[in-house]
Amino acid sequence: MENNKATIETLNDLVQINNDRIKGFEKAIKETTEANNDQELIAVFNNKILESQQLKSTLAQEVQVLGGDADTDTSVSGTIHRTWLQVKASFTGHSEKSILEECEFGEDAIKKAYQSALEEEGLPAYIRDILNDQKSIIDQSHDEIKALRDSVEQSH
């Protein structure tokens, strides 16, 4: 049972950082709309929001299977270092590059959170598999945001 409790806490940390990520990308959409209304970039951010909603849904399901209650809010405390919340408050300059830099910083944070969760001892193998699958989605997402940021840097 103690093991379940630790697993539930780890999963809820990841639910929360996905909530943070959703809020961060919502903020990025707002900033992009105000800056230059780049529809392609807004579509990318919307895809990231959907991605996090799906990841979160899977995590929340597992929390319930383990007998816990899924967290529905954004991060306040917890064992995993999370910084997406800071990101959504810190967009500066409204340039496409600065928005993408902040998003990349947030993606770095969620990658670390997943890595940290995977290093937790006592995670059931099937949970570890789910987290590994989700981490590869997050890794791809990070690389996409980074590539977008790099392409903006080269075009200016």
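**View 1. Tyr114 and its contacts in a predicted model.** Setting aside neighbours within four places in sequence, Tyr114 is in contact (heavy atoms within 4.5 Å) with Leu14, Asn18, Leu55, Leu59, Leu131, Gln134, Lys135 and Ile138. The model is predicted: local features need pLDDT of at least 70, side-chain atom pairs count only at pLDDT 80 or more, and totals for chains, interfaces and linings use all residues. Residues are numbered from 1 along each chain as its sequence is written, and side-chain values use heavy atoms, with hydrogens and water left out.

**View 2. The largest nonpolar core.** A nonpolar core is a set of buried Ala, Val, Leu, Ile, Met, Phe, Trp, Tyr and Cys residues joined through side-chain atoms within 4.5 Å. Buried means under 20% relative accessible area (1.4 Å probe, protein chains only). The largest such core has 18 residues. Tyr114 is among those with the most contacts inside it, as are Leu11, Leu14, Leu59, Ile127 and Leu131. Helices H1 (2-35), H2, H4 (96-118) and H5 (125-155) each give two or more residues to this core. Another core lies apart from it, with 14 residues, including Ile22 and Phe45.

**View 3. Ser52 in helix H2.** Ser52 is found in H2 (residues 39-65); helices are DSSP runs of H or I, at least four residues, numbered from the N terminus. Ser52 counts as buried because its relative accessibility is 0%. Its side chain makes a polar contact with the side chain of Asn18 (2.6 Å). Such a contact is a pair of N or O atoms within 3.5 Å; within protein, one must be able to donate a hydrogen and the other to accept it, and residues adjacent in sequence count only if both atoms are side-chain atoms.

How values were computed: Buried means under 20% relative accessible area, exposed over 50%, partly exposed in between (1.4 Å probe, protein chains only).
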